[in-house]
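Q: I have a model open and want to learn to read it. Where do we begin?

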Amino acid sequence: MYAKILTALFLICICGASAEVISPSLEYTPTDPQAQCDYAKSFLASKTPDYKNAIFWYEKAAISGSVEAKSALGSIYLKGDGLDRDLTKALYYLEEAAKAGDKTAKYNLAVCYENGVGVMRNMEKARILLLESAEAGDLFAQDKLGKSDNSEIEMFSKYIQICLVSILSLYIIFRLFIRRAR
């Protein structure tokens, strides 16, 4: 299944072929929505992202029901990455993904409602979406609400303290060893 991708990558790396070798026109056609999403991401991962092909594969995955693809398409159309901004498509895909529970889509929709981007400004709806996104674990939403989970920061801080105490202990032991060696 991945033989055609590997062949295309080989041609790009070894033969110096252009990135156009990897395109939807290849016979490689992932049918699994997750594989289609992963394939779409591969077009965005290069130094010069290929939004045309990424959108092609994200749309195929979205048609197959992929919530991840709908959220990604909503973000791409909202930002206008590599294409003209299309708020109608952005809101459609973000609404679909948010209905399915996608935390990133809920955050992006909350920002749209908060700022009146493509929709009538609605602070109540923005707040509800932001709360849902934060509860689902979206760090941007948590930060915006001031509810970011500091447990990782606290854990890192304790780790640093332990490291410093260990280094200090080793230094003291080393100094004692040097004194006794004299």
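A: Start with a pair of helices. H2 and H4 are roughly parallel to each other. The angle between them is about 30 degrees, and under 35 degrees counts as roughly parallel. Their axes lie 10 Å apart. Keep in mind that this is a predicted model.

Q: Which residues make the contact of H2 with H4?
A: From H2, the contact uses Gln34, Cys37, Lys41 and Leu44. From H4, it uses Glu68, Ala69 and Ile76. Sorted by class, these residues are 4 nonpolar, 1 polar and 2 charged.

Q: Step back for a moment. How many helices and strands does the protein have?
A: The secondary structure comes to 9 helices and 0 strands. Along the sequence, the pattern reads α-α-α-α-α-α-α-α-α. The protein has 182 residues, of which 31% count as buried.

Q: How do I read contacts across the sequence?
A: Look at how far apart the partners are along the chain.

Q: What is the mean pLDDT of the protein?
A: The mean is 80, and 77% of the residues reach 70 or more. Now go element by element. Confidence is lowest in helix H1, residues 3-15, at a mean of 41. Confidence is highest in helix H5, residues 87-99, at 96. Over residues 1-26, the pLDDT is below 50. That stretch still has 30 contacts in the model beyond near neighbours in sequence.

Q: Which residues of H2 and H3 make the contact?
A: H2 supplies Pro33, Gln36, Cys37, Tyr39, Ala40, Lys41, Phe43 and Leu44. H3 supplies Tyr51, Asn53, Ala54, Trp57, Tyr58, Lys60 and Ala61. By class, the contact has 11 nonpolar, 2 polar and 2 charged residues.

Q: Take one residue from that list. Is glutamine 36 buried or exposed?
A: Relative accessibility decides. Under 20% means buried. Glutamine 36 is at 5%, so glutamine 36 counts as buried. This residue is found in helix H2, residues 33-44.

Q: What is glutamine 36 in contact with, leaving aside neighbours within four places in sequence?
A: The partners are Pro30, Thr31, Trp57, Lys60, Ala61 and Ser64. Trp57, Lys60 and Ala61 also belong to the H3 side of the contact between H2 and H3.

Q: How does glutamate 59 count by relative accessibility?
A: Glutamate 59 counts as partly exposed, at 25%. Its place is in helix H3. Not counting residues up to four places away in sequence, glutamate 59 touches Leu73, Tyr77 and Tyr93.

Q: How do I compare distance in sequence with distance in space?
A: Glutamate 59 and alanine 72 are 13 residues apart in sequence and 9.7 Å apart in space. For another pair, take serine 133 and alanine 105. They are 28 residues apart along the chain, and their C-alpha atoms are separated by 8.2 Å.

Q: Is serine 133 buried or exposed?
A: Serine 133 is buried, with a relative accessible area of 0%. This serine is found in helix H7, residues 123-135. Leaving aside neighbours within four places in sequence, serine 133 is in contact with Lys103, Lys106, Tyr107, Asp138 and Ala141.

Q: One more pair. At what angle do H4 and H6 pack?
A: Helix H4, residues 67-79, and helix H6, residues 103-115, pack at about 30 degrees. H4 and H6 are therefore roughly parallel to each other. Their axes are 9 Å apart, and H4 passes H6 in a left-handed crossing.

Q: Which residues meet there?
A: Ser71, Ser75 and Leu78 in H4 meet Thr104, Ala105, Asn108 and Cys112 in H6. This contact has 3 nonpolar, 4 polar and no charged residues.

Definitions and conventions
Residues numbered from 1 in each chain as written. Predicted model: local features only at pLDDT ≥ 70, side-chain atom pairs only at ≥ 80, totals over all residues. Heavy atoms only, no water. Axes fitted to C-alpha atoms, helices over the stretch in contact; angles between N-to-C directions. Helix = DSSP H or I, 4+ residues; strand = E, 2+ residues; numbered from the N terminus. Parallel < 35°, antiparallel > 145°, perpendicular 65-115°, else oblique. Left-handed = near helix turned anticlockwise from the far one by under 90°. Contact = heavy atoms within 4.5 Å. Nonpolar A, V, L, I, M, F, W, Y, C, P; charged D, E, K, R; others polar. pLDDT = per-residue confidence, 0-100. Buried < 20%, exposed > 50% of the residue type's maximum accessible area, 1.4 Å probe, protein only.
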